[in-house]
Amino acid sequence: MKLKYDVGDKPLWAQLFDILLDRIVSKEYNAGDKMPTDLEIMQEFDVSRMTVRQAMNKLINEGYIERRRGKGTIVLEKENKVVRHSWHIHDLPVGCAWHR
C-alpha cells in the first residue's frame with residue numbers, strides 16, 4: 001500500500017498508522033512479533049523518522065504495540081492491549097467542572 005502525497009489527503013503519519021494497524025489486525029504482524037524498526041519503515045514508505053514516530057506513538061497509545069528496551073517494538077496480544085483512555089467525559093460525576 002502506498003501513501004498519498006496529494007494536498008488534502010490525510011497526514012502521512014495517519015496514513016502510515018492505518019497501514020500498520022491493518023497489518024496488525026490482519027495478523028501480518030502477530031502478537032509477540034517484533035515490528036520492523038523505524039529505519040525499515042522509513043525506507044519502505046520513504047518517510048521521515050518523525051512521520052514513523054507519530055504513527056508508532058498512536059499505535060502505542062491505543063495499546064496495539066509496546067516498545068521494550070533491548071527487545072524492540074512488540075505487537076501486543078489483543079486481550080493484553082493497554083487501554084490508555086478508558087474513560088469518557090460523560091462518565092464524570094454530575095457537577096464536575098468537566099461534566100457536560
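Here are some notes on this predicted model, point by point.

1. Ground rules. This is a predicted model, where local features need pLDDT of at least 70 and side-chain atom pairs count only at pLDDT 80 or more, while totals for chains, interfaces and linings use all residues. Residues are numbered from 1 along each chain as its sequence is written, and side-chain values use heavy atoms, with hydrogens and water left out.

2. The overall layout. You'll find three helices and two strands in the chain, and reading along the sequence gives the pattern α-α-α-β-β. Both kinds of element are DSSP runs numbered from the N terminus: helices are H or I with at least four residues, strands are E with at least two.

3. Of the chain's 100 residues, 31% count as buried. Buried means under 20% relative accessible area, exposed means over 50%, and partly exposed is in between, with a 1.4 Å probe and protein chains only. The chain exposes about 7300 Å², and carbon and sulfur atoms supply 51% of that. Those areas come from the Shrake-Rupley method with a 1.4 Å probe; for residues, only the protein chains shown count as cover.

4. Contacts along the chain. A contact means heavy atoms within 4.5 Å. Take the contacts with a separation of 6 or more: residues 24 or more positions apart account for 42% of them.

5. The hairpin. Strand β1 (residues 65–68) pairs with strand β2 (residues 72–75) in the antiparallel sense, over four bridges. Two strands pair if DSSP finds at least two bridges between them. Three residues sit between β1 and β2 in this hairpin, and Gly-70 in the turn has a positive phi of about 80 degrees. Have a look at Arg-68 too, which stands opposite Gly-72 in β2.

6. Thr-51. Is Thr-51 buried or exposed? Thr-51 is buried, at a relative accessible area of 11%, and belongs to helix α3 (residues 49–61). Leaving out residues up to four places away in sequence, Thr-51 touches Leu-12, Trp-13 and Leu-16. The Thr-51 side chain also makes a polar contact with the side chain of Ser-48, at 3.2 Å. A polar contact is a pair of N or O atoms within 3.5 Å; within protein, one must be able to donate a hydrogen and the other to accept it, and residues adjacent in sequence count only if both atoms are side-chain atoms.

7. Two residues in helix α1. Gln-15 is in helix α1 (residues 12–25) and is buried, with 10% relative accessibility. Not counting residues up to four places away in sequence, Gln-15 touches Leu-3, Lys-4, Asp-9 and Lys-10. Beyond its neighbours within four places in sequence, Arg-23 is in contact with Glu-28, Tyr-29, Glu-44 and Phe-45.

8. Positive phi without glycine. Most residues other than glycine have a negative phi. Lys-27, in the loop between α1 and α2 (38–45), has a positive phi of about 70 degrees and is exposed at 57% relative accessibility. Asp-46, in the loop between α2 and α3, has a positive phi of about 55 degrees and is exposed at 64%.

9. A charge over a ring. Which residue lies over the face of Phe-17? That's Lys-58, at 5.1 Å from the ring centre. The rule asks for NZ of Lys or CZ of Arg within 6 Å of the ring centre and within 35 degrees of the ring normal.
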